[in-house]
Amino acid sequence: MSWNYLKYLHVYAQHSHHQETFIVGNRGALVELRNLIDKALVDGTSIGDFFPSDEEGYQLHIGIVEDEEMFNH
């Protein structure tokens with residue numbers, strides 16, 4: 001496949017407290033991520049399909065947590 005057709009997105013989580021987190025991707029992936037965030041803000045959740053550089057696809061789940069107690073667990 002081509003860089004122009006797949007939504008390439010990497011989410012690099014922190015390795016320890018106070019370290020950076022990175023979200024990097026091609027334009028199509030970042031636009032889709034923004035759209036999924038917008039959808040989650042309206043509907044509560046959203047799911048999108050993305051690819052890392054090895055082209056093994058994965059689903060990204062986005063959701064709102066409205067309850068502080070629930071967020072801390």
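Q: What share of the 73 residues of the protein chain count as buried?
A: In this predicted model, 19% of the 73 residues count as buried.

Q: Why is Val42 called exposed?
A: Val42 has a relative accessible area of 69%. Exposed means over 50%, so Val42 is exposed at 69%.

Q: Where is Val42 placed?
A: Val42 lies in helix H1, which covers residues 27–43.

Q: What makes the nonpolar surface patch?
A: Four side chains do: Ile37, Leu41, Val42 and Ile64 make a patch of about 380 Å². A residue needs over 30% relative accessible area to be part of a patch. Val42 has 69%, so Val42 passes that cut-off.

Q: What makes up the secondary structure of the protein chain, and in which order do the elements run?
A: There are two helices and four strands. Starting from the N terminus, the order is β-β-α-β-β-α.

Q: How much of the accessible surface of the protein chain belongs to carbon and sulfur atoms?
A: Carbon and sulfur atoms hold 54% of an accessible surface of about 6000 Å².

Q: What do the contacts say about residues at least 24 apart in sequence?
A: Take the contacts between residues at least 6 apart in sequence: 28% of these join residues at least 24 apart.

Q: How far apart are the mean positions of the positive and negative charges?
A: The protein chain has 4 positive and 12 negative charges, and their mean positions are 13 Å apart. For scale, the C-alpha trace spans about 45 × 30 × 20 Å along its principal axes.

Notes. Residues are numbered from 1 along each chain as its sequence is written. This is a predicted model: local features need pLDDT of at least 70, side-chain atom pairs count only at pLDDT 80 or more; totals for chains, interfaces and linings use all residues. Side-chain values use heavy atoms; hydrogens and water are left out. Patches are made of residues with over 30% relative accessible area and no salt bridge: like charges are joined within 9 Å, nonpolar side chains (Val, Leu, Ile, Met, Phe, Trp, Tyr) within 5 Å. Accessible areas come from the Shrake-Rupley method with a 1.4 Å probe; for residues, only the protein chains shown count as cover. Buried means under 20% relative accessible area, exposed over 50%, partly exposed in between (1.4 Å probe, protein chains only). Contact means heavy atoms within 4.5 Å. Lys and Arg count as positive and Asp and Glu as negative; His and the chain ends are not counted. The place of a charge is taken as NZ of Lys, CZ of Arg, CG of Asp or CD of Glu.
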